[in-house]
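Please take a moment to look at the sequence and the structure together before reading on.

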Amino acid sequence: MTALPLGPAATARGPLSFTHRFVPATDPSAAPLLLLHGTGGDENDLLPLGRMLSPGAALLSPRGKISEGGMPRFFRRLAEGVFDEEDVVRRANELADFIGEARAAYGLAAPVAVGFSNGANIAAAMLMLRPDALSGAALLRAMVPLANPPAGSIAGTPVLLLSGSADPIVPAANAARLAAQLGARGARVEHRVLPGGHGLMPVDMSAMRDWLARTAPAA
Ligand code: MLT
């Protein structure tokens, strides 16, 4: 992704419980975005995407704490698409706690998550385990993170799930199952299957911008 200048206000911070970057809002009415990278990404990856999606929003972008052969992730997996669910639970709680710390430190409303692949999967897990952590979520190429998540309510929370019809990593039935899990908990799920694979495409951007403009709660 092309690097966009983010200005001197983009800070790298360590004292909170995740290495992260934070970009303050220039439009205080825009919902803050929590940017969650995919496997092998880091806290810098999705800042340009966040800036394009919502130009004035605060951006909070943590780095996953798991290292898989040097590639950061948000939770452990046993194989491609096979997750260590105990670790998913632990890491989703840890990330939700970080969001609470960052909200207090930076004076933020509950953010809307924008997660790609592994980042989308941890966001989906947080929605089901810590429903107050997020005010909404755009899940890009997400799959089911927990086979049997606990019952809970995320009534009214807007969720956009964007899948690829030819995604070699996420089977169509798996993405549909995630949409059903979230819908059963009351989320306002929009699930779109786009003609493409696991990678992001321009249509993902336009779908997210449109969804954010329609549904994101003001901060
Ligand atoms: C990935 O490579 O990140 C997977 O597709 C998703 C995951 O492991 O969470």
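The paragraphs below turn to the ligand and its surroundings, and then to a pair of helices.

This is a predicted model, in which local features need pLDDT of at least 70 and side-chain atom pairs count only at pLDDT 80 or more, while totals for chains, interfaces and linings use all residues. Residues are numbered from 1 along each chain as its sequence is written, and side-chain values use heavy atoms, with hydrogens and water left out.

An oxygen atom of the ligand lies 2.6 Å from a polar side-chain atom of T39, and for an N or O atom in the side chain of N121 the distance to a ligand oxygen is 2.8 Å.

Helix α2 (residues 85-106) packs against helix α3 (residues 118-129) at an angle of about 80°, and their axes are 9 Å apart (helices are DSSP runs of H or I with at least four residues, numbered from the N terminus; axes are lines fitted to C-alpha atoms over the stretch in contact, and angles run from 0 to 180 degrees between N-to-C directions). Because of that angle, α2 is roughly perpendicular to α3, a term used for 65 to 115 degrees.

Methods
Helix = DSSP H or I, 4+ residues; strand = E, 2+ residues; numbered from the N terminus. Parallel < 35°, antiparallel > 145°, perpendicular 65-115°, else oblique. Polar contact = N/O pair within 3.5 Å; in protein donor to acceptor, adjacent residues only side chain to side chain.
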